[in-house]
Structure formats: C-alpha cells, structure tokens
Amino acid sequence: MRRALTTIAAVTVMTLPLVGAGQAGHTGHGRVVTGTYSSGATAAWRPLPVVRTGTDTGGPVDATVVADPRALRQRYTGIGFSLDETSVSNLWKLTPAERAKAIRLLVDPEHGAGFDRFRLTIGSPDLIEHLPFWSEDDLPAGVTEDFGLKHFSIRRDLDLHIVDTVKLIQRYNPRATFFASAWSAPAWMKTNDRFLGEVALKPGSSTDHYQVGKLRDDCIEVFARYYVKFVQAYAGQGIRVDALTLLNEPGMDVVYPAMDISVAQQQKLALAIKRELRAARLGTQLYVHDFNFWDWRDPNSTATKNYHRIFEDAPDGSVTGAQVRAASDAIAFHPYWGDATVMRDAYRETGKPVQLTETSDLSPATVLDDFRLDAGSYILWAQTTDQDGGTLHWTPSRDNDIDWDQVAATTKWPDRLVTVDTGTRTFTVRDELYRLGQFAKYLSPGDVRLESSAAQNGVANVVYRTRAGGYTAVIGNGAGTDRRVRVTVGDRTFVATVPADSFATYRWTR
C-alpha cells in the first residue's frame, strides 16, 4: 500500500498520422459492427445501433480514430480486483443469495461486468479485518525455523472464505485467472524475526524511515519454495495461480506486513523462484518489481530505488542481467508515485509485458490511458467495505508499537467499488463498474492492442485485434454531448455516434 489512496497518473499517449481517413467510405465489404455503451447504472451495457463498414459517406465527424493493424503492442491480460481479506470478509456479510448476486454482477461476462483477473495474497496483506496478521508458515511455540516447510498451511485462506470466494468467481466466470503476491516472508525467514513491518529513521534524518526487516540471505531458496507450496496448495483446491509477483512493494517503510529485499536479493530470488517452479513442473509466470512507477526508474529523483537494475549484471558476478531477464515474465507496477509513461518505456526497453497489479483509481479513463501505455492488466485494490468504510487494520503510522485495535476503530475507507450494508445484508456498487465493464466484458486474454491515434475533442480510444480474428474498440466520450466518430482500422471504416459521458465498445470481423 501507500500513503495516498488514490492518485490519478498523468499520461502521455502516442499519436499516429490519420492515414486513410479520407478514403474510408469506399473500402471493405460491409462488415457488421455491433456496439454497447455505459454511462452508469441507469444506462448499463445498452446496445447501440448496428452499423456497417464501408458505408461512410465522408461527412463531418467530431473525432477520428485510426488504428494500424500491423502495429501490434501488448496483449490484454485482464481487469479485476484483489481478494484481500477485508474485501472477502465484507462479501461474506451478505446473505448467500446477495453474495452470489454481487459476484455475478462483478464477474459474469454475460450478465455482469466480466471482471476476469484477480489478485490473491500470500498470507496477510496490509489490509485485513480479522487479526492477527498471518503468513502461510507461522511456527508453533518452541520452533524457530522450518526449512522443510512442514508447518506450511493455507488454513486461514480456507477459514476466511478466500478460497470459497475464488470458487464463486470461477462459477460465474470460468475464464477468470488469478495471480498472487506476498507482502512479507514468514517472520522466521527475516533478519528481525517479525512478520509485521518494522521501521527506523534513516541516519541523519528526523522524518525519513526505512524498513528494518530484511529477507535473510540463507532463506532465499526456502522463500522460493514457500511460493511454490502456495501455488500447489491452491491447485489442490482447483485454483490455478498463473503468476507470482516477486514481492509486494519491497522496502516500504511501514509497520503493516512488509519486507525489504535488495536488488541483489531480488535477482537471486527471481532465479530461485523460476528454478523451483520448473522443478515442480509448473508454468507459473513471475512478475518482477510490483512497486510504483518511480521506484523502477525516475531520472528526476535521487530517492528512487531504481529497481530496473535487477536486469543488470550483479557487481560481484554472481548473477547476470540476462539470467534475470530470462526468469522474468513481466514487470508489475503500482501507480501511487511517479509517471505512468514508465510503463511504456519499460516495455520498449526490455520487451517484457507490463502489468498494473494494484491501483485504487476507479476511473475508466485511467484504464484506457494505462492500456495505451502498454499495461496488459488493471487490478483494483481493496474494493469492498461496509457502509461505514471499515473496520480496517491499516495505518500510515510509523509507530512500531501501534495499537491495532485503535487502528480498526478509526480507519475508514469509504466509497469503494462495492459497499455492503451489514444491517440489511445487501450491497450497492458505484457507477464506474458499468463503464469498466465496457472493457472487461468484451476483451479476452490474448487480444492484442494496436497502435491508435490520440484523443480528439474529448474522445479517446483503445483498439485491439481479437484472438478470433476481429477487432474490438473501446471509445470514451468525456464530452457532455454525443460525438460522431469515424473509426478506421486498416481498410475498414465505419462511423458511429458515441453517447455523451459514456464508454462504448464496438466489435467487428476483419
């Protein structure tokens, strides 16, 4: 997590010449273009008039979208949310019927928003409702180490209904996928023998802190096995975890679960995780970084951690950058600090897919912008609370002796995507859900984004080539009036009217 819950990132989009716009009306064979739009709950996934390619008479339009079918960018991975313990706990305050209704509205691609990508936490994240914080390998009294992982267990995941929630999601969206992140290694794997974060002032400073708890060098290999045990334990529940992140926000100076891993340790851990996954015959991917934009690289800051250095050769020669690149399947980002264009730069420089693995920004406009900056996914953090916005065990405090009961009594996160009324055991959702569904309902993993023209007259776009051989365009109209938009992809063109203050999705075949 972070100090500020919501920061809308400033983005720069790439512009293509509007080639072919003037010749649009006389090409193609009249492919049918279907569309829907959403502006909120009162206008959700409504059908738009069917249009055809090749029928454009060349009249005036408010905006033009041009996409190049030869200019391929990133693959779509998914849109969804975290299955943090607080969100799950609130979903389980609903009646069984209301809980099923809520999950269906969120994930069903036919009758709901079609969310299809979800984040699991390996042990406690920074946000839970029920104390104590836990790892998946907490030791009984008198035991100090567990290199054989004999005490590993996902019992808490079962007892807290996290696994049950995954199975509900699978019921209503069988194509849903899952990845997982740890906030800390178990206490016994750390230099300070403490699962919770521990902070201290940086030498010479009265305001800047650092994370005391570090991963023990002799525990890198067992920490990798710990990750693999988690993947295997979930597989035993019928849940495929297709990716792991190296560690959530390494080095955060916080007192909730956190841990520091140096660049050298990150390199060795990445190789160890991939080695253990191969030994277990698992195809699970590995996402490195899993931290803010500026922590990857920020040329304007001396405080950045510059975690891009994991792709450089280790100074002692123990690990090469090439080895780490080979072990890494994607670079994961959070948007709370820094410039979102880092995602595009990282993709261009490394060739590695980019995933946005945590954000609190519900704006569909930000989704569109981030996809234009090469993000393959967009995962919301902690999006279900009760009517009061609590009870939450999260704090920005740097007090190592924090009173967690007091934190729970005073911490509130209102206005998340889903609000559960614990009195009536019913729920409500924010209007953003329906506009987010204009992406998730109609895009599928494996769809590939095309380079497309920049926003014009309040109309922005993202265009994908589908696995089935067609195209999907999501167009956002931020204006207060309807916009007439010409869309050209290759030699196919159509003109459609996008309703005011809405997001619309159009689909057609090649």
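User: How do the lining residues of the second largest pocket divide into nonpolar, polar and charged?
Analyst: It's a predicted model, and in it that lining splits into 7 nonpolar, 7 polar and 5 charged residues.

User: Which residues lie nearest its centre?
Analyst: R75, Y76, T77, Q285 and Q355, out of 19 lining residues. The volume of the second largest pocket is about 350 Å³.

User: And which strands supply the lining there?
Analyst: Strand 4 (63-75), strand 11 (285-292) and strand 13 (354-359) each give at least two residues. Strand 4 has the largest share, with 3 residues.

User: OK, the largest pocket now. How much space is in there?
Analyst: About 470 Å³. It has 18 lining residues, and K202, H209, G251, D253 and K305 are the closest to the centre.

User: Switching to the open sheet of 3 strands: what's the order?
Analyst: 15-16-17, with mixed pairing. Strand 15 (384-386) and strand 17 (426-429) are the edges, and the twist averages 25° from one strand to the next.

User: How do strands 16 and 17 run, parallel or antiparallel?
Analyst: Antiparallel, with 4 bridges joining strand 16 (residues 418-421) to strand 17. T419 sits opposite T428 of strand 17.

User: Which helix packs on that sheet?
Analyst: Helix 2 (residues 96-107), which touches strand 16 and strand 17. The direction of helix 2 makes about 20° with that of strand 17.

Notes. Residues are numbered from 1 along each chain as its sequence is written. This is a predicted model: local features need pLDDT of at least 70, side-chain atom pairs count only at pLDDT 80 or more; totals for chains, interfaces and linings use all residues. Side-chain values use heavy atoms; hydrogens and water are left out. Two strands pair if DSSP finds at least two bridges between them. Axes are lines fitted to C-alpha atoms, for helices over the stretch in contact, and angles run from 0 to 180 degrees between N-to-C directions. Contact means heavy atoms within 4.5 Å. On a 1 Å grid over the protein atoms alone, a cavity is a set of points where a 1.4 Å probe fits but cannot get out, and a pocket is an open set with protein on both sides within 12 Å along at least five of seven lines; lining residues have an atom within 4 Å of a point. Grid points are joined across faces, edges and corners, and a volume is the space filled by probe spheres set on the points. Ala, Val, Leu, Ile, Met, Phe, Trp, Tyr, Cys and Pro count as nonpolar, Asp, Glu, Lys and Arg as charged, and the others, Gly among them, as polar.
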